[in-house]
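I opened this model to go through a few local features. My notes follow in the order I looked them up.

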Amino acid sequence: MTRMASETKYYLLKSEEHEQTASKKNDHPSVDYFCVRQQVIRKEICCMLICMAIFSMVLIGLFITAAIQHRKSQFIPSQKDNESENNSMILSPSSAKSFPYHGYRLPLHIYPNYYAIHLHPKYDQLITHGSMIIVVTCQEKTDFIILHKKQIVISTISISSVNNRNDSIKVIKTAEKSKYNFYYLQLEDYLQPNHQYIIHVKFTSYIRTKILNGFYRSHYKTTNGTTRYFYSTLFESTHARAVFPCFDEPVMKAIFSISITVPNGYSALSNTRLYLTKRLSNQKVFYKFRPSPKMSVYLVALVVSDFKHLEGKTTSNISVRTWANPRLCQHTKYSLNIAIKIIPFYERIYGIAYPLSKMDMVVVPQFADGAMENWGLITYRETSMIYNKLTDALHTKQIVALTVAHEIAHQWFGDLVTMRWWNDVWLNEGFASYMENVGANFVAPELKLMKQFLFTNYAPAQDQDALPTIHPIVTHAATADQIDYLFDDISYLKGGCILRMLESFLGTETFYRGIYHYLSQHKYKTATHQDLWRALQWATDAKLNVPTMMNTWTLQPGFPVLTLENRSNNTAFIRQYRYLIGQNSSSKTDKSLHKSVWHIPIFLATEHGGLRNFTLYKKSDILPWKKSDGWVKLNINQTGYYCTNYDLKNWNALIDQLKKNYSVFNELDRHQLLYDSYMLTKPNLLTVSVFLNMTTYLEKERNYLPLRESIENLAEIEYLIHDESARQKLKNYILKIIRPQIQILGWKKNTTFMKSKQQQLVLTKAARYDAASVISHSLSAYNRWIHNQTRFPIKFRDIILSVAINHGGISVEKKLLWEYYHANSTSLRQVYFKALASSRNIKLLNRLLNMMLNLKEVKIDETGSFLKLISKNQVASEPLWNYFKSYYALFYQRYKLDTATLADILKELVTYFSTEAQYDDVANFFRLHNDIGSAKSTIPLILSKIRARIQWKKFNEITVKNWLNERVL
Ligand SMILES: [Zn+2]
């Protein structure tokens, strides 16, 4: 899944979804339909025999027999079924207290092999009638079965042996445990080991309209303004159980055979190719899909729409289609091209062919996250898949390339091989986060995504991982809330960072040899992080213990600072300790926080001695050293996931080198020197004057990475210090650094992608610090747009609009609000809202905040990202927090069923808070309002970040002021 961290999964205000009461009356298909079904099953059998080499022939035979024997019972209840129905209806569920099974995982004594699911939605009534069989194997003698189900009404459920349909096993009692959505069936007789059984179920579930998961309805508007409905599923992580009863754990992989009826004028898509369609009446069409490979239930997907599509083929003849509403369909070309090129790339580097014969990618009108990697049927939100080069920003192109690359990487890593349990969700997400950069870098090399990795993954990962209350990559999760909370920066971004570090350490060839081994050993099955480490160990000849090394990065939280000092003629001393910021007084004395030791692969360069590498296994060590080596720089190319520190003499030698000839270090290494020297000021491990001195070479710097790193850090210092005269001096200093860049790049229209980003960086900062030339240029461009309809280059749009809103008077506000209300795409609405949110006018900012209370003005799935846009504006900081406190009850109602999204929003609220009074205010508020589920664990992280900013000021403010007084007029 690609996250859309601050966006909401709800798009209406009500907190619960069931406005419809499910009918227990079954809607049985017609006789015609039953005949179709018979043919389908026979053909399906042939298909399974030919296509699936997964199961033994015997097992398949058993399924076939079962399917044929029971096809009728799926749709036309027999006397036996009616008895079962009567039985199940008279049994009352036992209370949670007396629930007869303990544990949060399903027992392994029953294992599903095959699901045949038919869904017959009543689209107008927002309910789905369903019939299904699940063929299961009994692994241990037992007299009970537990399934997952949530908000599903089961009308009949019965068990029989595969071999003998008449050999029915009576369900004598049922019980439910809502905490884990368990549905317990007590059987009259024991099921025997190594025997197969069939669970027959008829049920009714809901089509959701207020929660964007399970099977839900969203909508879009046609060009003539008509509202059309769209239906799709989103099952990750635990929502399949809200559509049909199932064994909803990743490890319970099975074959899925799915069919659905759709309204006339609509078509259906699922994970596999269509097997057949048949018109059932003037209103309904029956769609039947080929059986899937063995897969986890959270990857099952269905889409019912009237969308159009584009189509292409990969070099390996895989059909790829991109689906969107007719107005947007033409703008799926870019994502189609990325997909067509990237599938063969992954096939080559993984060494394993794409496991399915087709790939469908669909733009879902309302979508909770960025995208979802359902096997063979990826679903996206509009802004993750649509790229219109005439209206969309550079950033959108990058997001689309990365998101498509991410989801397709999952088709192997996640779908073919799945994590065994959610505690290892990073195996899916960390790998996809890394591969999205590798893959998109290959198919769109102009985006330089492996370089941008340092901004998109590395820095945000360490930003979270630096806090004392952060969790390790591999973390226990039992409830659905706990599972959802693990879809965070640590699983995605830190996971990606440690894989990048390991690839650089083992070498690319060895790394992918290990990945091939891992995928081929575990395909169509599940695996743990230990399986991955064993595969990589298998691939390497190096004398190192990969599992032991990598356990230090995955099983303990945080990351180390590596310090090299006391260089003498013969030796140097190197030591490691945990990087920590934002500790309160009690955690400072907590020795357990400092016990961690990492196995650190180290690449270093010296001034005269060249490159070296070694691994630090202990808290500290002595290295052989020669004084003639000159300066030393650790962590070459910044591939290691750690910070580096030196004695002042070495820092000064590195700064001298940058000033003398910075090209001795490549762009990544120059970035790293600026990054580390600033990072070390936060826990007070290095004086800020080192970082500031280093920035004095920047007037000569021409590359994006070091410029962005230093300018953003200086801008952060600018908002952290409160002395107005020092702030003004710092603004002047930043303008001095960026002036040469503006002279070189200016407003040139045709530049490379990275140079365009560099233009955006320097012009945005120049505008923020009121550089007269940038303001006048922007206002002229704005006026030409208003008066002559002259378009300006998209890459400068945000800068021009932001200058206009702050310097162009009230008419600009009116114009941009009008454009916002009349924008015809989600991305354009965002463009105009972003410009409005950059205003320094408190009255306008309050108006924007109030717009979020009215869902006609800001859609609910835009609320999170719009709040984030406002939170980036320092002027809005206090009003935003006061607004949140005032409307806390409303936000709580919106997100109480999705506390992971609530947690993401909370993280954005107090970005600029840096005083004791603000800390106390936030702490007191959440002391009173702490009933927020798993989002509760976000509160210590937020407080630690405020504490870290307070501490930074304490350690560094005077030094910054003195440095500016000495250096800047
Ligand atoms: Zn993902």
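I began with Gln-151, which is partly exposed at a relative accessible area of 30%. My cut-offs: buried is under 20% relative accessible area, exposed is over 50%, and partly exposed is in between, with a 1.4 Å probe and protein chains only. This is a predicted model, where local features need pLDDT of at least 70 and side-chain atom pairs count only at pLDDT 80 or more, while totals for chains, interfaces and linings use all residues. Residues are numbered from 1 along each chain as its sequence is written, and side-chain values use heavy atoms, with hydrogens and water left out.

**Backbone**

I placed Gln-151 in the loop between strand S3 (142-148) and strand S4 (153-161). Helices (H or I, at least four residues) and strands (E, at least two) are DSSP runs, numbered from the N terminus. Gln-151 is not a glycine, yet its phi is positive, about 55°. I then checked Tyr-524, whose phi is also positive, near 65°. Tyr-524 sits in the loop between helix H11 (508-522) and strand S22 (525-527). Most residues other than glycine have a negative phi, and most peptide bonds are trans. I noted a cis peptide bond from Glu-236 to Ser-237, with omega near 0°. Ser-237 belongs to the loop between strand S10 (227-234) and strand S11 (255-263).

Met-1 is buried at 5% relative accessibility, and His-410 is buried at 0%.

**Glu-565**

I found Glu-565 in strand S23 (residues 560-565). Glu-565 is buried, at a relative accessible area of 17%. Its side chain makes a polar contact with the side chain of Arg-575 at 2.7 Å. A polar contact is a pair of N or O atoms within 3.5 Å; within protein, one must be able to donate a hydrogen and the other to accept it, and residues adjacent in sequence count only if both atoms are side-chain atoms.

**Helix H26**

Last, I looked at helix H26 (residues 863-871): eight of its nine residues are buried, so the helix is largely enclosed by the rest of the structure.
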